[in-house]
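Student: Could you walk me through this structure, one piece at a time? I would like to ask questions as we go.

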Amino acid sequence: MSSFNLPSLLHRPRRLRRTEAIRCLVRENQLTVNDLIYPAFVMEGEKIKQEIPSMPDCYRYSLDLLLKEVTDAYNLGINAIALFPLIAEEKKDNAGTESYNPDGLVQRTVKAIKQEVPNLVVITDVALDPFSSYGHDGIVRDGKILNDETVEVLVKMALSQAEAGADFVAPSDMMDGRVGAIRKALDAEGFINVGILAYSVKYASGYYGPFRDALESAPKFGDKKTYQMDAANSREAIKEVALDIAEGADIVMVKPALAYLDIIHRLRDYTNLPVAAYNVSGEYAMIKAAAQYGWIDEKKVILETLTSMKRAGADLILTYFAKEVALMLR
């Protein structure tokens with residue numbers, strides 16, 4: 001018999017945490033392999049698999065090895081990849097003309113993937129920075145990033161990717177009006193079934209460093225604050241999403257994810273469109289680095305991090321952890 005009297009408790013929340021089976025029954029959010037999009041890096045050459053120093057266990061692949069990588073991902077239950085190219089310096093220019101080369105690296109890769117794994121959803125990036133000699137997402141003139149002239153190139157890029165077989169084009173450039181221009185051009189050319197996954201809310205973030213290492217696409221001057229969003233703003237996110245929806249976006253995305261869970265939540269309340277979150281390279285690198293030092297339990301932190309994005313309202317998550325998570329969820 002207790003030496004003190006407990007108050008009479010009608011509500012004991014711990015009853016619903018007592019066993020793993022009970023916890024599973026009442027779990028509010030469930031991360032599944034169907035939520036995952038796997039970002040993949042492709043480069044020219046053959047039999048090349050290069051680890052990215054700032055992204056442990058993440059690689060650039062030549063096309064022949066990328067086909068095996070994406071096939072393995074598909075066999076794990078991952079239904080979609082997002083493709084990013086490493087472009088040779090000699091093929092870059094201010095206007096990003098290589099971006100819409102019908103025989104370019106991206107176009108050849110899309111065709112090969114759709115032939116090898118036809119049911120895999122292929123999402124292609126639409127932005128100039130991998131193709132730009134300045135490393136910016138748009139055409140540069142007198143130190144400024146031109147909007148409308150850049151949109152004309154983005155339209156050409158999107159059309160060439162659609163022609164190659166892309167299921168979704170994903171404008172990540174943050175130029176004004178590009179979603180509407182791309183949608184109009186796709187429809188005019190008969191690509192009515194090619195979707196647009198819009199990087200609607202993309203912040204000028206310090207979390208992108210390892211990605212820029214992976215593609216050797218860091219800006220050669222200045223920063224991207226005249227076109228990517230200010231990290232202090234949240235109401236502006238609604239404006240950007242509203243514009244992209246009005247212009248024909250099929251899916252809207254927030255990038256980065258971890259420091260912007262509040263933005264994901266606001267978008268989930270605002271729109272009925274699917275909301276994607278990009279678990280970006282810096283977020284990946286921080287977990288990998290801490291795990292290498294033994295400071296965290298890597299698997300637990302990965303699952304907790306991605307579940308937080310689901311809990312905030314994300315329907316889809318682009319993550320470099322996709323294959324690891326698919327294995328864990330098995």
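**Strands, core and cavity**

Tutor: Of the 8 residues of strand 3 (residues 55–62), 6 are buried, so this strand is largely enclosed by the rest of the structure. Buried here means under 20% relative accessible area, while exposed means over 50% and partly exposed lies in between, using a 1.4 Å probe and protein chains only. Strands (E, at least two residues) and helices (H or I, at least four) are DSSP runs, numbered from the N terminus.

Student: Before we go on, what sort of model is this?

Tutor: It is a predicted model, in which local features need pLDDT of at least 70 and side-chain atom pairs count only at pLDDT 80 or more, whereas totals for chains, interfaces and linings use all residues. Residues are numbered from 1 along each chain as its sequence is written, and side-chain values use heavy atoms, with hydrogens and water left out.

Student: OK, which way does strand 2 run against strand 3, parallel or antiparallel?

Tutor: Strand 2 (residues 49–52) and strand 3 run antiparallel and are joined by 4 bridges, where pairing requires that DSSP finds at least two bridges between two strands. They form a hairpin with 2 residues between them, and Glu51 stands opposite Tyr59 in strand 3.

Student: And strand 1?

Tutor: Strand 1 (residues 36–43) pairs with strand 3 in the parallel sense, over 3 bridges, and Phe41 stands opposite Arg60 in strand 3.

Student: What else does Phe41 touch?

Tutor: Not counting residues up to four places away in sequence, Phe41 touches a list of residues that includes Ile52, Met55, Tyr61, Phe84, Phe211 and Tyr320, with contact meaning heavy atoms within 4.5 Å. Phe41 also belongs to the largest nonpolar core, which has 106 residues, and Phe41, Val201 and Tyr278 touch the most other members. Helix 4 (residues 148–164) gives the most to this core, with 8 residues. A nonpolar core is a set of buried Ala, Val, Leu, Ile, Met, Phe, Trp, Tyr and Cys residues joined through side-chain atoms within 4.5 Å.

Student: What lines the largest one?

Tutor: The largest cavity is lined by 14 residues, with Asp129, Ser172, Lys202, Phe211 and Lys255 lying nearest its centre. Strand 9 (195–202) and helix 6 (209–215) each supply at least two residues of this lining.

Student: Where does Asp129 sit, and is it buried or exposed?

Tutor: Asp129 is found in the loop between strand 5 (121–126) and strand 6 (140–141), and it counts as buried because its relative accessibility is 7%. Leaving aside neighbours within four places in sequence, Asp129 is in contact with Gly135, His136, Asp137, Ser217 and Lys224.

Student: Last one: what about Ser308?

Tutor: Ser308 is in helix 10 (residues 298–312), and it is buried, with a relative accessible area of 8%.

Note on methods: On a 1 Å grid over the protein atoms alone, a cavity is a set of points where a 1.4 Å probe fits but cannot get out, and a pocket is an open set with protein on both sides within 12 Å along at least five of seven lines; lining residues have an atom within 4 Å of a point.
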